Amino acid sequence: MTVKKILCPTDFSAAANNAVEYAACLAKKTGAKLTLMHVDPVPFLLLEDMNNSVMIAYEKSREENLNQIKDQCLEVNKTFGITCDYNLDSINLEQAVALKTENGKLCYLIVIGTNGIDNLSQFYFGTNSYLVANKVECPTLIVPEGCEYKEIANVVFASDYNAEDELFLQQLKDFMENYNPHLYVLHISRKDSPVSEEIYHSFCNLTNEALEYNEQIEFKRTVNEDVEDGINNFIHGTQVDLLAMSINHHGFLYRLFHRDIIRNITSVSNLPVLLFHK
């Protein structure tokens, strides 16, 4: 998964502007092309009366947003010296991003900002950033508003020891080729047992052989009744620059407590979270 194209949705908020800067830094580091995207949904009222005042207000707003994204694109080009263009769409964000990333052919990485949970709906269903990441097929990097870009030296991949984890770790390795970071592969066991210990060692050996990370990969296993708590405890006790996880609604992380741990972590994390899809 060598990064060639980065898509960064923006609504011009502080969180989105921070994500644009983060994406621009990634693009500069990896040599990827950056595309900024803003969505102006067509108001429902326009379907009833295309000549009313709503139409005038919508067109004015769209023109302002077009000028704003043009200016932002020019500023990114000037500041970071990268290839940057823009798109203005008229459908909802999830659909617009999905169209840009169909079959992973048009975009290899989405970078999207978040300001965490700020209303009751997001508490129950997840942030807009998480909802986008949950609908698209290509990897998505969710960047918290207060997170500034820095060189990625340490990465944690939260693993459920699924057979597909080897594929995601290979993609992660390709993505990180410009950083050469230390990688922690972390698994949280609900209970300790000889069987789980044996599975852990087998997974470590097979993955090491397949990936050839050499000394840069370090496997960690922690016993904790709460998987989310176990991941957070490890992150807080380690100097980590990026958390990587895979979205799987029917895998271990979901079945264990019948709740979406990934949704919760991406809502409150102070770290960038890179999500892969199963």
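Is helix α1 mostly covered or mostly uncovered? Mostly covered: twelve of its 17 residues are buried, meaning under 20% relative accessible area. Exposed means over 50%, and partly exposed lies in between, using a 1.4 Å probe and protein chains only.

Some ground rules. This is a predicted model, where local features need pLDDT of at least 70, side-chain atom pairs count only at pLDDT 80 or more, and totals for chains, interfaces and linings use all residues. Numbering runs from 1 along each chain as its sequence is written, and side-chain values use heavy atoms, leaving out hydrogens and water.

Back to α1. Helices are DSSP runs of H or I with at least four residues; strands are runs of E with at least two; both are numbered from the N terminus. Among the buried residues of α1 are Ala15, Val20, Tyr22, Cys25 and Leu26. What about its span? The expected value is 1.5 Å times one less than the number of residues. For the 17 residues of α1 that gives 24 Å, and the end C-alpha atoms are 24 Å apart, which agrees. Just after α1, Gly31 takes a positive phi of about 80 degrees.

Now the rings. The whole structure has two aromatic pairs. Rings of Phe, Tyr and Trp (its six-membered ring) pair if their centres lie within 6.5 Å; planes under 30 degrees apart are stacked, over 60 edge-to-face, the rest tilted. Tyr22 and Tyr149 pair edge-to-face, 5.2 Å centre to centre, with 75 degrees between the planes. Tyr22 sits in α1, Tyr149 in the loop between β5 and β6, 127 residues apart. Tyr22 is buried at 2%; Tyr149 is partly exposed at 23%. The other pair is Tyr184 and Phe234, also edge-to-face, at 5.5 Å and 75 degrees. Tyr184 is in strand β7 and Phe234 in helix α8. Both are buried.

Next, salt bridges. How many does the structure hold? Four. The rule is a side-chain nitrogen of Lys or Arg within 4 Å of a carboxyl oxygen of Asp or Glu. Here are three of them.

Asp85 and Lys33 meet at 3.0 Å, N to O. Asp85 is in strand β3 and Lys33 in strand β2, 52 residues apart.

Lys150 and Asp241 meet at 3.1 Å. Lys150 lies in the loop between β5 and β6, Asp241 in the loop between α8 and β9, so the pair ties together parts 91 residues apart in sequence. Asp241 is buried, at 10%.

Glu218 and Lys220 meet at 3.0 Å. Glu218 is partly exposed at 28%, and Lys220 is partly exposed at 30%.
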